[in-house]
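Please read the points below alongside the sequence and the model.

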Amino acid sequence: MQVIHEGSEIWGHDRPDLGGAEPGPAFGRLFDAHAAPLRRYLARRVGPEPANDLVAETFLVALRRRETYRPELGTARSWLYGIATNLLRHHVRSELRGLQATARLARTGELSHAGHDGRVAERVDAQVRAAQLAGGLAKLSPADRDTLLLVSWAGLEPAEVAEALGIPPGTVRSRLHRIRRWLRTNAPAQEEVQDLA
């Protein structure tokens, strides 16, 4: 539940006042509330090690730019995901190269098919499905990929995605509709598309 009083210091736990002289306690609470889910989201995008670095960098940027946070414009969660998404864009080229390489492996059949029992076969099947989905994700524009993954992997609501990306909520809804339609038509791993869409 949020409490917002214009011209007041009381914003509620999801819209904290970060403008005080001692930001440590407020940022400690932000970190405790949002670092783990933010890390999980980033790890799905770029892997665990870069995710750790990006989480640390997100909170460092947030601390340095705390005067830019406006509780009346959005929640701290969406503000942090917006910062993380901007930082993530610096990794888009390498992310895209990785998705394209994985998709190439799936097309050429170079994924490991070694194994002798059902668990290995399941892992190989999962690798193939992930590679097929990676190819679909790689074909999306960076804006569409960010929108889809903020909803499906980070669990943000469309309004929060709009706050995080600085775009109107209607734009998020129309992007999601267009992306889902495109993925259903063009991505070969249908069950994974359902998970994303």
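1. Overall layout. From the N terminus on, the elements of the protein run α-α-α-α-α-α-α-α-α. The secondary structure thus listed comes to nine helices and zero strands, where helices (H or I, at least four residues) and strands (E, at least two) are DSSP runs, numbered from the N terminus.

2. Basis of the values. The model is a predicted one, in which local features need pLDDT of at least 70 and side-chain atom pairs count only at pLDDT 80 or more, while totals for chains, interfaces and linings use all residues. Residues are numbered from 1 along each chain as its sequence is written, and side-chain values use heavy atoms, with hydrogens and water left out.

3. Burial and surface. Of the 197 residues of the protein, 41% count as buried; buried means under 20% relative accessible area, exposed over 50%, and partly exposed in between (1.4 Å probe, protein chains only). The protein exposes about 11000 Å², and carbon and sulfur atoms supply 53% of this area. Accessible areas come from the Shrake-Rupley method with a 1.4 Å probe; for residues, only the protein chains shown count as cover.

4. Contacts along the chain. Among contacts (heavy atoms within 4.5 Å) between residues at least 6 apart in sequence, 61% join residues at least 24 apart.

5. The nonpolar core. A nonpolar core is a set of buried Ala, Val, Leu, Ile, Met, Phe, Trp, Tyr and Cys residues joined through side-chain atoms within 4.5 Å. The largest one has 42 residues, of which Tyr41, Leu42, Tyr81 and Leu150 touch the most other members. At least two residues of this core come from each of helix H1 (24-46), helix H2 (48-64), H3, H6, H7 and H8. Leaving aside residues up to four places away in sequence, Tyr81 touches Pro37, Leu38, Tyr41, Leu150, Ala154, Leu156 and Ala164.

6. The H1 and H3 pair. The axes of H1 and H3 come within 11 Å and cross at roughly 35°; axes are lines fitted to C-alpha atoms, for helices over the stretch in contact, and angles run from 0 to 180 degrees between N-to-C directions. On the H1 side, the residues making the contact include His34, Leu38, Tyr41 and Arg45; on the H3 side, Arg77, Tyr81 and Leu88 are among them.

7. Helix H6. H6 is mostly covered, since nine of its 11 residues are buried. Among them are Asp144, Arg145 and Asp146, as well as Leu148, Leu149 and Leu150. Thr147, also found in helix H6, counts as buried at 0% relative accessibility. Not counting residues up to four places away in sequence, Thr147 touches Val161, Leu165, Val172, Arg175, Leu176 and Ile179. Ala143 lies in helix H6 too, but is partly exposed, with a relative accessible area of 30%. Ala143 and Leu165 are 22 residues apart in sequence, yet 8.9 Å apart in space, C-alpha to C-alpha.

8. Helix H7. Which residues of helix H7 (residues 158-165) are buried? They are Glu160, Val161, Ala162, Ala164 and Leu165. What covers them includes helix H3 (76-89), helix H6 (142-152) and helix H8 (169-186). Just after H7, Gly166 takes a positive phi of about 70°.

9. Aromatic pairs. Rings of Phe, Tyr and Trp (its six-membered ring) pair if their centres lie within 6.5 Å; planes under 30 degrees apart count as stacked, over 60 as edge-to-face and the rest as tilted. By this rule there are three aromatic pairs. The rings of Tyr69 and Trp79 have centres 5.0 Å apart and planes at 45°, so this pair is tilted. Because Tyr69 lies in the loop between H2 and H3 and Trp79 in helix H3, the pair ties together parts that are 10 residues apart in sequence. Both Tyr69 and Trp79 are buried.

10. An exposed position. Arg29 has its place in helix H1 and is exposed, with a relative accessible area of 56%. Arg29 and Pro16 are 13 residues apart in sequence and 9.5 Å apart in space, C-alpha to C-alpha.
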